[in-house]
Amino acid sequence: MPGTRLSPLISRRLVTIIGLGVALPALVLAGLGIYLTLRIARAVEDESARYNSYMALQVGEAFEQELMSVLRRSISRAENLSRTGADPVAVRAAIESETGEFQGASLVPLDELDGFSLLIVESQPLLFAPGEGDRRGQYFVGLLLRGPDGQVTGAGGWWMEPRAFLVRHLPAVTQDRLPANPRLYGGFESTRKLSVTLFAGFGQVLAQVRDPENLRTARTEPLAGPFEGCAVRVAATSNAPAVWTTRFVSVEITFIALMGMAIVLATAFGLRYTIRQLELAQIKAGFVSNVTHELKTPIALIRLAVETLELRRVGSPEESERFLRSIGRETLRLQQLVDNILDFARLEAGQRMFRFEDVDLLAVVHETVESFRPRLEHQGFRLGLDLPPSLPAVRGDAAALSHCLLNLLDNALKYSRTLREVGVAAEARDGAVAISVTDRGIGIAPGDQRRVFEKFVRLETGLVHDVKGAGLGLSLVDQIIRAHGGHVELESRPGEGSTFTLVLPRAGGAEASQADSRQRTGS
Ligand code: ADP
């Protein structure tokens, strides 16, 4: 019917108002939420990376302190002897007796100290020099020795394998020597829970404490002094804030995205619902105006005929006959409309009861067609019947089935133009009986063939303005036939005509008994 679809202008406005008012702000806010979350995550990662870099430097220093403390312990006897002014031979013997974890002890005289490099560890100088030849890969590491008057007399030290030292002392360094500063990183990061990896040149892993969880924020710093050529990498383990943040960010982004999607979906559904409601309101308004018109026209015609007859203005008996026929025709039209509306209301309310019995469809078809014949003939239609001598019985409500047929015949008349031919045929099918009504009228486009069975739907054809209707007939036919366990088929081509076929299951079949047991309510 005209107006079953909302006008594109109103639809566009609704889409704009609801889309711009709800969906767009929701999407913008969701986008902003995701952006801010990513920014926070980025800041946490940057902070974590800075912290890891700081801790890698701390690990380097801790190794130097560890080396210093080992050296101090090893040299203490020689140092004491030197301070008391003991003979260098005794001092050398004291150094040599302390093999500990080093090897190749030596006492370096004062005049040979120039060739060594110095590293200040805890305000004390640590001497070191790389080995050559057989000692390649090793480092000489030592401390200064002083005489009784505090004068430097030389240095005592050992040959050390830096990589072996690093590997051996890594657990002690990470456990005892790293600063456990709770204020670092807001107190979140515990230095005891870092992953520390030692590398020799070219990325060869020497040793590792704890598995790293997030390598994006890991930082590597080179070691200095006798450990030159090696490097230390500090990375976060599973409890670190950077790792939480990564997890939290993925959860939060998924959450925000889902929320955004939910809002967009809710808006789309809300929009569809609103459009549907507006369409329904429009349909109802159209329905009321259609029905009013449908009622008014026959009533006006009947009144006119009755008044004319009452005033005895008719000239001849044929003329009064014509008026009486007109009254009969219009009364029938009124009755059909009122029946349709009542039937529709009962079906909608689930109150339409059918009286099921074995029905001789052929008899129903004959009766209905005969009752309709005067209208057909009056409007100049040719009726073609193609009925077999007998048909299997169907279980059904004869009055309701006749009502369906009447609606189809009525439509065939309403929607035909110059080619005024209506055909009614019946045939037995496999397990079913089919009755069809064919016209050579305006036809129905394929895209509309499902819609015509919806309630209140009237197609916007050229005829719809001339032909009145409430858009209920086919919806009723469809509901009634389905309540009988059957279905309605439609074959139609625009401009060529239509065939509506009612297919009903034979009495005794499974579908017929199912329909039988369905309480006979049209629901
Ligand atoms: P009404 O005839 O009161 O409008 P119906 O439910 O009987 O309502 O039909 C719905 C619509 O289907 C009609 O408005 C018309 O557009 C289309 N239609 C129904 N029957 C035919 C037909 N035989 N030929 C062409 N169009 C039809």
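This is a predicted model: local features need pLDDT of at least 70, side-chain atom pairs count only at pLDDT 80 or more; totals for chains, interfaces and linings use all residues.

Visitor: What makes Glu 122 buried, exposed or partly exposed?

Guide: Its relative accessibility is 44%. The middle class sits between under 20% and over 50%, so Glu 122 is partly exposed. You'll find Glu 122 in the loop between strand S2 (117-121) and strand S3 (124-130). Its phi is near 50°, which is a positive value in a residue other than glycine.

Visitor: Which class does Arg 210 fall into, and why?

Guide: Arg 210 comes out at 36% relative accessibility, so it counts as partly exposed too. Arg 210 is in the loop between S7 and S8, and its phi is near 65°, again positive in a residue other than glycine.

Visitor: Now strand S5. Why is S5 described as largely enclosed?

Guide: Strand S5 covers residues 152-160, and seven of its nine residues are buried, so the rest of the structure largely encloses it.

Visitor: How do you know that S4 and S5 pair?

Guide: Pairing takes at least two bridges, and eight join strand S4 (residues 139-146) to S5, so these antiparallel strands count as paired. In that pairing, Gly 142 stands opposite Gly 157. The two strands form a hairpin with five residues between them, and Gly 150 in the turn has a positive phi of about 90°.

Visitor: What about S1 and S5, how many bridges join them?

Guide: Five, with strand S1 (residues 103-109) running antiparallel to S5. Leu 107 faces Gly 156 there.

Visitor: There's another sheet, made of S7, S6, S9 and S8. What makes S7 and S8 its edge strands?

Guide: The order is S7-S6-S9-S8, in an open sheet with antiparallel pairing. Strand S7 (205-209) and strand S8 (214-222) each pair on one side only, and they are the edges. From one strand to the next, the twist averages 20°.

Visitor: How many bridges hold S6 and S9?

Guide: Strand S6 (residues 195-199) and strand S9 (residues 231-236) share five, in the antiparallel sense. Thr 197 has Arg 233 in S9 as its bridge partner.

Visitor: S9 also holds Ala 236. Why does Ala 236 get its burial label?

Guide: Its relative accessibility is 0%, so Ala 236 counts as buried. Among the residues it touches are Asn 52, Pro 212 and Val 243.

Visitor: Which helices lie on this sheet?

Guide: Helix H1 (residues 8-83) lies across S6, S8 and S9, at about 35° to S8. Helix H3 (residues 162-177) packs on the sheet as well, touching S6 and S7.

Visitor: Why are H1 and H3 called roughly perpendicular?

Guide: Their axes cross at roughly 105° and come within 9 Å. Angles from 65 to 115 degrees count as roughly perpendicular, so H1 and H3 get that name. The residues that meet include Val 59 and Phe 63 in H1, and Phe 165 and Val 173 in H3.

Visitor: What about the nonpolar cores? Which residues touch the most other members in the largest one?

Guide: That core has 52 residues, and Leu 361, Val 422, Ile 481 and Phe 500 touch the most other members. Helix H7 (residues 398-414) gives the largest share, eight residues. A second, separate core of 42 residues includes Ala 56, Val 173, Leu 198 and Cys 230.

Visitor: Last one: how many disulfides are there, and how do you know?

Guide: A disulfide needs two cysteine sulfur atoms within 2.5 Å, and by that rule the count is zero. As for burial, Cys 230 has a relative accessible area of 5% and Cys 404 has 0%, so each is buried.

Key: Residues are numbered from 1 along each chain as its sequence is written. Side-chain values use heavy atoms; hydrogens and water are left out. Buried means under 20% relative accessible area, exposed over 50%, partly exposed in between (1.4 Å probe, protein chains only). Helices (H or I, at least four residues) and strands (E, at least two) are DSSP runs, numbered from the N terminus. A nonpolar core is a set of buried Ala, Val, Leu, Ile, Met, Phe, Trp, Tyr and Cys residues joined through side-chain atoms within 4.5 Å. Axes are lines fitted to C-alpha atoms, for helices over the stretch in contact, and angles run from 0 to 180 degrees between N-to-C directions. Contact means heavy atoms within 4.5 Å. Angles under 35 degrees count as roughly parallel, over 145 as roughly antiparallel, 65 to 115 as roughly perpendicular and the rest as oblique. Lists of a residue's contacts leave out its neighbours within four places in sequence.
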